[in-house]
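This report goes through the pockets, the aromatic and charge-to-ring contacts, and a few individual residues of one structure. Please keep the sequence and the model open while reading.

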Amino acid sequence: MAITGHRDGTTELPGRGYPGAMTHPVRGPELPDARGPLSAAIAAYLRGAGPLPDPVDAEDTDPYGDDPQLALYLCYELHYRGFAGVPAEAEWDPDLLRVRAALERRFLAALRADTPVHDSLDDALGALLVEPAEGTGVSHFLCAEGELWHLREYAALRSLYHLKEADPHAWVLPRLWGRAKAAMAAVEYDEFGGGRAERVHARLFADLMRDLGLDTGYGRFLDAAPAEMLAIVNLMSLFGLHRALRGALVGHFADVEITSSPGSRRLAEALRRTGAGPAAQFFYDEHVEADAVHEQVVRHEVIGGLLEEEPELAADVAFGIDATEYLEGRLARRLLTDWRAGRSSLRVPLGEPSTV
């Protein structure tokens with residue numbers, strides 16, 4: 001099934017499988033540069049300029065590599081804002097979904113094989129609640145010795161996550177009920193600004209980026225992000241889009257909320273120390289307070305309510321926590337290795353800070 005392109009930059013898909021066969025121009029970010037044959041073929045297909053890769057090819061590749069992670073990101077992004085010139089109907093293109101499923105199987109199998117999983121959910125949660133006396137993570141580095149260029153790189157990378165932070169978590173809501181659903185909705189309501197557009201956390205992160213002189217465009221730094229960052233964003237989408245992985249999504253969400261408050265405190269201090277600006281500081285100051293509350297709600301009401309209804313999902317929740325920690329650890333090693341060697345962690349340079 002080919003995608004047809006037009007001179008005006010819009011595209012359309014043939015009518016097979018798409019009720020109404022409508023053409024919907026999309027004003028999303030531009031498709032990124034390819035990183036290998038898989039991502040090149042998918043990008044070409046979305047442009048209407050070539051066939052999809054064989055799903056078998058997706059299963060014979062490094063699951064954490066740049067090419068398969070970008071290929072998976074391209075597939076997932078169609079469920080968010082899409083890409084400029086790619087029709088909204090591409091979201092449910094059956095041939096593309098087959099390729100995505102092969103990429104997902106490879107990624108998930110690798111995570112299940114490689115992630116050190118705790119013996120119990122209590123152990124997994126307990127590990128998150130312990131702050132090491134001598135921390136060695138990214139937020140510790142930024143707090144103690146990070147320079148402004150480190151913080152700009154970190155914000156650019158995290159923008160792929162934070163500009164859609166709460167969106168994949170919202171997909172779990174129709175898959176929950178009772179206490180878990182009510183508590184999850186309450187936390188998501190805060191993430192989406194409590195009904196105030198200017199308080200949506202993705203908007204607050206864009207304000208942080210502006211203080212750091214970064215382009216705030218959605219997906220702007222996709223080309224700069226290494227595979228380790230793409231894998232973290234892809235994990236959210238993988239868990240969020242599959243009902244069978246709802247327990248893992250809750251575990252991922254718990255990891256984010258439980259670890260956020262102490263990490264945000266260190267990042268706020270780093271931003272103050274480097275003179276990053278009030279909006280930059282406010283984002284993390286806001287998360288110190290908000291996520292300290294969210295942590296309690298997620299542990300006792302979201303997880304507690306879920307397991308009250310479906311106790312068999314405890315192992316999935318633990319896997320979601322541990323897989324998140326595993327991928328965050330891979331990113332941390334990449335960043336700290338590069339930064340301590342005095343070099344950028346990005347695939348392409350940021351350029352000078354904007355004064356606009």
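How do the residues of the lining of the second largest pocket divide into nonpolar, polar and charged?

## The second largest pocket

The lining of the second largest pocket divides into 7 nonpolar, 3 polar and 6 charged residues. The model is a predicted one, and the values in this report are to be read with that in mind. The volume of the second largest pocket comes to about 170 Å³.

In total, 16 residues line the second largest pocket, and those that lie nearest its centre are R81, L163, V200, A202 and R203. Helix 10, which covers residues 201-211, gives the most to this lining, with 4 residues.

## The largest pocket

The largest pocket holds about 1,100 Å³ of space, and its lining is made up of 42 residues. Nearest the centre of the largest pocket lie S139, D255, T259, E325 and E328. By class, the lining of the largest pocket consists of 19 nonpolar, 14 polar and 9 charged residues.

Several helices take part in this lining, each with at least two residues: helix 5 (121-129), helix 6 (138-145), helix 7 (148-162), helix 12 (246-273), helix 13 (278-309) and helix 14 (314-340). Of the lining of the largest pocket, helix 14 provides the largest share, which amounts to 12 residues.

## Aromatic pairs

The structure contains 7 aromatic pairs. One of them joins F283 and Y284, whose ring centres are 4.9 Å apart and whose planes meet at 85 degrees, so this pair is classed as edge-to-face, for which the angle has to be over 60 degrees. Both partners can also be placed by their accessibility: F283 is buried, with a relative accessible area of 1%, and Y284 is buried as well, with a relative accessible area of 6%.

Ring pairs also link Y64, F107 and Y326 into a cluster.

## Charges over rings

Q69 belongs to helix 3, which runs over residues 66-77. Is Q69 buried or exposed? With a relative accessible area of 1%, Q69 is buried, since the class requires a value under 20%. The side chain of Q69 makes a polar contact with the side chain of N234, at 2.7 Å.

## Separation in sequence and in space

Some residue pairs can be described by their separation along the chain together with their C-alpha to C-alpha distance. A318, a residue of helix 14, counts as buried at 3% relative accessibility; A318 and L121 are 197 residues apart in sequence, and their C-alpha atoms are 4.9 Å apart in space. W149, located in helix 7, is partly exposed, with a relative accessible area of 30%; between W149 and W339 there are 190 residues in sequence separation and 9.9 Å in space, C-alpha to C-alpha.

D57 lies in helix 2, residues 55-58, and at 42% relative accessibility D57 counts as partly exposed. D57 and P68 are 11 residues apart along the chain, with their C-alpha atoms separated by 9.9 Å. R100 is part of helix 4, residues 94-114, and counts as buried at 9% relative accessibility. For R100 and E147, the separation is 47 residues in sequence and 39 Å in space, C-alpha to C-alpha.

How values were computed:
Residues are numbered from 1 along each chain as its sequence is written. This is a predicted model: local features need pLDDT of at least 70, side-chain atom pairs count only at pLDDT 80 or more; totals for chains, interfaces and linings use all residues. Side-chain values use heavy atoms; hydrogens and water are left out. On a 1 Å grid over the protein atoms alone, a cavity is a set of points where a 1.4 Å probe fits but cannot get out, and a pocket is an open set with protein on both sides within 12 Å along at least five of seven lines; lining residues have an atom within 4 Å of a point. Grid points are joined across faces, edges and corners, and a volume is the space filled by probe spheres set on the points. Ala, Val, Leu, Ile, Met, Phe, Trp, Tyr, Cys and Pro count as nonpolar, Asp, Glu, Lys and Arg as charged, and the others, Gly among them, as polar. Rings of Phe, Tyr and Trp (its six-membered ring) pair if their centres lie within 6.5 Å; planes under 30 degrees apart count as stacked, over 60 as edge-to-face and the rest as tilted. Buried means under 20% relative accessible area, exposed over 50%, partly exposed in between (1.4 Å probe, protein chains only). A polar contact is a pair of N or O atoms within 3.5 Å; within protein, one must be able to donate a hydrogen and the other to accept it, and residues adjacent in sequence count only if both atoms are side-chain atoms.
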